Amino acid sequence: MVGVLADPKLQALVDRLQAQSQGQEAETGAWFQARAEKGELSSDGMDEKSHRYMADKLVALEPPKAEFCHLICRALRAKRVVEVGTSFGVSTLYLADAIRANGGGMVIGTEYEPAKAAAARATFAEAGLAELIDLREGDLRETLKVIEGPVDFVLMDIWTEMARPAIELIAPHLRPGAVIVADNTTRVRNAYRHFLAFVEDPKNRLSAMTLPFEGGLELIVKS
Ligand SMILES: C[S@@+](CC[C@H](N)C(=O)[O-])C[C@H]1O[C@@H](n2cnc3c(N)ncnc32)[C@H](O)[C@@H]1O
């Protein structure tokens, strides 16, 4: 299959980072499985031990989902995108590439682990996409308090307990027809319950369905 990224150098960079991310998956899965079996995990959010463990993990959005987001951004002619959860910036590269192909704009990224933010900035520079990315470092509950202008697209790829605070900050800025994509909504549906309650509240004028990507991917449209 031909990928959506037209630039082979960008595709090679993405492939390298995706391989790094996938290389961590088995160990990360086993670590959480072991904690789950000991009854140490809660659907209300991650504890300090899990936060520390994840501080250097990429957990990149899988390529088919990232390519899907790229295509949606192209279809929307998106100019302003909010990425909730940036990590090392793998999905950000797809989003920024789509924005560039749309003629320019801005991807607002969010990351509170300083080492991940530094790695992401280096990646953005290497990709030649830095001027299209406003990486907001710190807790998104602070860094997303100001969003300039209408938002066309949102990628929700965050520890689930942050999805509700994020959508509350972003929703007032969504333009009619804006799209939100949220990852893993089948796999961890219960943990997403506060976010999904917001989506299902008629006064927020959002319509949603779960797409059959691995783990489930919520497609949400603002009317
Ligand atoms: C699943 S990863 C994002 C992966 C990224 N979208 C990609 O595809 O490469 C989620 C990220 O959100 C960050 N994060 C979690 N809570 C946050 C918060 N309150 N504010 C900002 N970033 C946060 C984590 O450090 C983690 O790197």
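Reply: Ser 87 counts as buried because 27 C-beta neighbours lie inside 10 Å; the cut-off for buried is 20 or more other C-beta atoms within 10 Å of a residue's own, while exposed means 12 or fewer and partly exposed is in between, with C-beta atoms placed from the backbone. This is a predicted model, where local features need pLDDT of at least 70, side-chain atom pairs count only at pLDDT 80 or more, and totals for chains, interfaces and linings use all residues. Residues are numbered from 1 along each chain as its sequence is written.

Ser 87 sits in the loop between β1 (80-84) and α4; helices (H or I, at least four residues) and strands (E, at least two) are DSSP runs, numbered from the N terminus. Although Ser 87 is not a glycine, its phi is positive, about 55 degrees. Ser 87 is also among the residues that come nearest to the ligand, together with Leu 61, Gly 85, Val 90 and Ser 91; near means a C-beta atom, placed from the backbone, within 6 Å.

Now for the helix. α4 (90-101) supplies at least two residues of the shell around the ligand, and so does β2 (106-111). Ten of the twelve residues of α4 are buried, including Val 90, Ser 91 and Tyr 94. From first C-alpha to last, α4 reaches 17 Å, close to the 16 Å expected at 1.5 Å a residue, where the expected span is 1.5 Å times one less than the number of residues. After α4 comes Gly 103, with a positive phi near 105 degrees.
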